[in-house]
Amino acid sequence: MKYGRIWNFNAGPAALPLEVLERVHADWFNKGGTGMALMEWSHRSKEYDEIHNGAIGLVKRLLGLDERYRVLFLQGGASLQFAMIPMNFLGEGKVADYIDTGSWSVKAIKEARLFGEVNVAFSGKEEGYVRLPRQEELKLTPGAEYVHITSNNTIKGTEYFDYPDTGDVPLVADMSSDILSHRIDPAPFGLIYAGAQKNLGPSGVTLVIVRDDLLARANEGVTTMLSYSTHVEKNSLFNTPPTLAIFILGEVLKWVEENGGLAGMEERNRRKADLLYGFIDEQGGYYRCPIEKNSRSWMNAVFRLPTEELEAKFIAEGKAAGWRCTSTRGSRRRCGVP
Ligand code: PMP
């Protein structure tokens with residue numbers, strides 16, 4: 001393959017479109033005739049402003065966000081959002097509902113408990129997280145501040161396509177591993193967050209989308225850097241943002257737009273998922289997807305073999321054939337194929 005690249009199936013940091021990497025590389029040393037590389041530009045310059053606001057505009061356009069939604073570029077990964085959300089919206093006398101669909105939900109719940117009351121409205125733990133909840137199984141709290149979901153469970157391999165109905169209570173979603181991969185109706189969401197390194201660009205920037213009505217209920221007195229209001233008021237320029245990561249994220253968003261927007265991504269991803277799950281299901285149980293059919297992720301397809309010994313053999317033979325496995329922890333075997 002060009003430049004000796006390989007088929008890279010890592011969940012994240014994930015492969016970026018080659019066209020994007022080439023574009024970024026094209027004027028690496030002297031960006032736009034400024035005589036400077038982009039990461040040497042001032043974040044207060046007019047040139048950077050165009051990149052920053054261009055990327056914000058693209059997020060809004062691609063996701064069909066109306067004027068009530070604010071788009072932020074923060075740092076600290078999705079992991080910091082696990083804490084920032086309850087820090088800003090929970091507190092004494094306030095309750096939030098969390099839906100536990102795997103290890104990322106568990107991490108979000110752990111942080112939220114430090115700041116207020118958490119009601120776990122559903123947990124898939126006992127069943128081994130093989131499916132998402134049905135609406136009638138959810139034990140939602142009337143008047144909760146928000147309902148938190150993990151829209152794609154990167155490790156477990158489940159993904160929502162129909163989101164829980166939470167009435168007037170805003171949905172808060174960790175979309176780290178499926179943002180922009182299919183069309184969504186943003187209406188139920190009060191806040192969406194995603195570390196960039198899977199579907200949006202390089203690591204170092206976290207996309208946060210927050211709606212005005214939820215923002216209006218944010219706690220006062222939150223430390224400056226961890227308050228959403230700070231970053232909304234300053235358009236994510238309160239302090240120095242990760243300019244290079246935001247630039248590359250913007251280039252990925254342009255690529256998404258040029259390739260049919262979210263409808264185009266949905267079509268591509270549906271085709272890939274059909275091919276992969278179709279093959280797994282045709283194997284008559286040799287390769288086996290443990291995830292319930294209507295909860296299966298298009299982003300992370302999980303499959304098992306009849307025994308753990310055969311799984312070890314599969315990995316070993318894959319490696320001998322040139323696979324490069326970057327992680328072999330438990331079921332998280334991620335491979336790149338030359
Ligand atoms: N949520 C999900 C669904 C993830 O897949 C990950 C990363 N694998 C995280 C959160 C943590 O993201 P970060 O490394 O950006 O903190």
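These questions and answers concern a sheet and a pocket in a predicted model.

Tutor: Residues are numbered from 1 along each chain as its sequence is written. In this predicted model local features need pLDDT of at least 70 and side-chain atom pairs count only at pLDDT 80 or more, while totals for chains, interfaces and linings use all residues.

Student: What makes strand S2 (69-74) and strand S4 (117-123) edge strands?

Tutor: The open sheet has seven strands in the order S2-S10-S9-S8-S5-S3-S4, with mixed pairing. Strands are DSSP runs of E with at least two residues, numbered from the N terminus, and two of them pair if DSSP finds at least two bridges between them. S2 and S4 each pair on one side only, and they are therefore the edge strands.

Student: How do you know that strand S8 (residues 171-174) and strand S9 (residues 189-195) pair?

Tutor: Four bridges join S8 to S9, and the definition asks for at least two, so the two strands pair. They run parallel, and Ala173 stands opposite Ile192 in S9.

Student: Why are seven residues of the lining of the second largest pocket called nonpolar?

Tutor: Lining residues have an atom within 4 Å of a pocket point, a pocket being, on a 1 Å grid over the protein atoms alone, an open set of points where a 1.4 Å probe fits, with protein on both sides within 12 Å along at least five of seven lines. Of the 14 lining residues, those closest to the centre include Leu132, Pro133 and Arg134. Leu and Pro count as nonpolar and Arg as charged, and by such classes the lining divides into seven nonpolar, three polar and four charged residues.

Definitions and conventions
Side-chain values use heavy atoms; hydrogens and water are left out.
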